[in-house]
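Me: Could you walk me through some features of this structure, one at a time? I would like the general idea and then the case at hand.

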Amino acid sequence: MEKMDTIQKPPSDIGEKKVRISGSEALILSLLEEGVDTIFGYPGGAIMPIYDALYHYQDKVNHLLTRHEQGAVHAAQGYARVTGKVGVCFATSGPGATNLITGIADAQIDSTPLVCITGQVVAHLLGTDAFQESDVLGISMPVTKWNFQVTKPEEIPEAIAKAFYIAKTGRPGPVLIDITKNSQTDKLDFEYKPCKKIRSYHPYPALKKQDIEDAATLINNAKKPYILAGHGILISGAEKEVLTLSEKANIPVASTLLGLSSFPPDHENYAGMLGMHGNYAPNLLTNECDVLIAIGMRFDDRVTGDVSRYASKAKVIHIEIDPSEIDKIIKAEVGVNGDAKQALQMLLPLVKENTHTDWIAEFRRLDKIEFEKVIKKDTFPDGNEIKMGEVVRILSEISDGNAIVVTDVGQHQMIASRYYKYKKPNHIVTSGGLGTMGFALPAAMGAQVGKMNEKTVAIAGDGGIQMTIQELGTIFQYNIPLKIIVLNNNFLGMVRQWQQLFFEKRYSFTEMVNPDFVKIADGYGIPAKRVSERADLQNALQEMYDSEGPYFLEVKVEMEENVFPMVPSGDSVSNIRLE
C-alpha cells in the first residue's frame, strides 16, 4: 500500500487530463466536478484519508461537522429539499455508517436526492468482523436507490458519476458509496467523466400520446374534477402547469403533505391539505368527485384511509414518474407514466376551458363548517392556554408566508402544515413517509445553509427536539442563523391523542418531564426565551424572527390539545371527524 503523498493542486482541466493522485483526492475532485459546495459529516478512522484530502480543499467546499451522523444525513436532506441539488454527507465505517440509515430511509420514501459516502475497512479485511466493520451495503440496500462498494481506487470517479446521475434523475433518491480504506490511500490515474446514461436505467419514460389524450377526454367530460397535488410537482418544477390546468378548467386543487407549497394557498381553487389531519372539504369530497387527477403522488395510506372506500365515484388519472406506483394502491383509469411537467405540458392544449362553479362552491361551504368548528378555535382561541395553531398563524403573518419552515413529526407537524401559508415552492421541509422524529433541527440546519439569504424556522415538539438536540452545537459552531421554535406540551402529543381517543385515556409512557430548554440553548451560546402567556407571544415571535443569528424560542402550549380534523386510521375519508 502506497503512503499518501502531499496532495497536489489539480490543473484547471482536471476533468479532461489524467493526473496520478490518491483515491481520497480523486473523491474530492469528483465531488467538485459535480458542483458540490457543501458537505455534512463526521470523521472517523476508516474515512480519515478522505478527510485529510478534504483539508486541502476547504477553499472550494464547505464542510460542516455535525454532532451525530444522523444529524449529517438529515442536514443533507434539508439542503437538498430547498436547493434542488444533491445533498452530500460523509460518515466513517461501522456505527458511523449505520447511524445514517434512518436518514437514508427517510430520503428514499420522500424522494430526496442524496449521495452518502462511507469509509470502510481495507478490502482484504472485508467479511472478517474487523474493528468498526459493518455490511453497510447489505444494511442499506432496501432503503437506497443504488449502492456500491469501492474496493479499488480506479473505481471512484465512475462510482461518483453514477451516484449523482442516479440520485438526481427520474424519481430522486439516496445513493450510498462505501469506500474501502485502501481505495482511499492507493493511487490512480484520475480522469472524470460525468455520467449521462446507464444501460437499462431509463429515468424519464417516454410519454404515450394515447394516455395524454385519454386523460384529456376524462377531464373535459368531468362534472366534478379534482386535482391531488403531490411532491412530484415540486420535484419536476410543474407548479405553473398545475396552476394553468386548474384555472383553465376551473378544477379544485388539494395538496398532499409533501405537495404543500406547490399551489398558491390563497388561490380561489385551492382546497387545502389532504390526509388524516388534512382539511375537511378535500377529504370529504374525495368520494364525491367523478374524475380524480393525481399528480406526482403515491396514494399513501395517510391520504387514502380505507382503500376500498376511497374515491368511490371517481375515474382516476394518475400522472407519476415511477411506474411501480401506478395501480399499486389505487387502480387508475388512465395511468400516465412520465415527468409531471412534461405530461402537463402535453395535456394542457387538449384540455378545454370550463367552469365548475357549483362544485367549487361545495368546497367553500365545507370550509366554513371547518372554520367554525376547528380553525377558529385553533388559531384564535378563547382559553387561557396558548394553542399550537395560534403560534403558527402568528408566525405565518410575521413572515408573510415567505419563511422556509422545517417541521419535526407529531401534532405540531400537522398544525404547521395546516396553518402556515406557504407562498413559495419548496418552503416546507418535513418527514412524510417515514415520520422521523428528530428530523427538524438538523434538516432545518441544512436548509438554512442551503439558503442563507432566506429565513428558516424549525418547528419541533418537546419530544422530537431531544432526539437531535446536540445539533445545537453545530448551529453554535458555524453561527447558522436558524430560528427554532419548540412547542412544549410535556407530552408525546400525537401518541397521547391516539391514547385518548382510542385507548380510553390510558396515557402509557407519553408524559414527559423535560429539561430547561432555555438553559440548554444558553449553554450553546444561542439566545433563548420561554413564553407561557398569550400576551407575550406576538412580541416573542417577532423578536425571534428579526434576530440576526440563531434563536431558540420555547412556547408552553396546552398540554392535552388535540389535532382535528382527523380520519381515524383505516377508516374512510368520508368519516373524517371534526371533534
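Me: What should I know about the model before I start?

Reply: This is a predicted model, in which local features need pLDDT of at least 70 and side-chain atom pairs count only at pLDDT 80 or more, while totals for chains, interfaces and linings use all residues. Residues are numbered from 1 along each chain as its sequence is written, and side-chain values use heavy atoms, with hydrogens and water left out.

Me: At what angle do H3 and H18 cross?

Reply: Helices (H or I, at least four residues) and strands (E, at least two) are DSSP runs numbered from the N terminus. Axes are lines fitted to C-alpha atoms, for helices over the stretch in contact, and angles run from 0 to 180 degrees between N-to-C directions. Here, helix H3 (residues 69–83) and helix H18 (residues 440–450) cross at roughly 45°, and their axes come within 6 Å. That makes H3 oblique to H18; angles under 35 degrees count as roughly parallel, over 145 as roughly antiparallel, 65 to 115 as roughly perpendicular and the rest as oblique. The crossing of H3 and H18 is right-handed, a label given if the near helix is turned clockwise from the far one by less than a right angle, and left-handed if anticlockwise.

Me: Which residues make the contact of H3 with H18?

Reply: Contact means heavy atoms within 4.5 Å. From H3 come Gly71, His74, Ala75, Gly78, Tyr79, Val82 and Thr83, and from H18 come Pro442, Ala443, Met445, Gly446, Ala447 and Gly450. The residues of this contact of H3 with H18 divide into seven nonpolar, six polar and no charged. In that scheme Ala, Val, Leu, Ile, Met, Phe, Trp, Tyr, Cys and Pro count as nonpolar, Asp, Glu, Lys and Arg as charged, and the others, Gly among them, as polar.

Me: How do H16 and H22 pack?

Reply: H16 and helix H22 (residues 534–546) have axes 10 Å apart and an angle of about 45°. H16 is therefore oblique to H22, and the crossing of H16 and H22 is right-handed. Residues making the contact include Ile394, Leu395 and Ile398 of H16, and Leu537, Leu541 and Tyr545 of H22. The residues of the contact of H16 with H22 divide into eight nonpolar, three polar and two charged.

Me: Is Phe90 buried or exposed?

Reply: Buried means under 20% relative accessible area, exposed over 50%, and partly exposed in between (1.4 Å probe, protein chains only). Phe90, in strand S4 (residues 87–91), counts as buried at 0% relative accessibility. Leaving aside neighbours within four places in sequence, Phe90 is in contact with residues including Leu27, Ile28 and Leu31. Helix H1 (residues 23–33) is mostly covered, with nine of its 11 residues buried.

Me: Where does Ser261 lie?

Reply: Ser261 sits in the loop between strand S10 (253–255) and strand S11 (270–273). Ser261 is buried, with a relative accessible area of 8%, and its side chain reaches the backbone nitrogen of Asn426 at 3.0 Å. Leu257 is in the loop between S10 and S11 too, and Leu257 is buried with a relative accessible area of 18%. Beyond residues up to four places away in sequence, Leu257 touches Met273, Gln413, Met414, Ser417, Thr430 and Gly432.

Me: What is the phi of Asn426?

Reply: Most residues other than glycine have a negative phi, and most peptide bonds are trans. Asn426 has a positive phi of about 60° although it is not a glycine. Asn426 lies in the loop between helix H17 (411–419) and strand S16 (428–429) and, at 23% relative accessibility, counts as partly exposed. Asp400, in the loop between helix H16 (388–399) and strand S15 (404–407), also has a positive phi, near 55°. At 43% relative accessibility, Asp400 counts as partly exposed.

Me: Which residues does a cis peptide bond join?

Reply: The cis bond joins Phe564 and Pro565, with omega about 0°. Look for Pro565 in the segment after strand S20 (551–556).

Definitions and conventions: A polar contact is a pair of N or O atoms within 3.5 Å; within protein, one must be able to donate a hydrogen and the other to accept it, and residues adjacent in sequence count only if both atoms are side-chain atoms.
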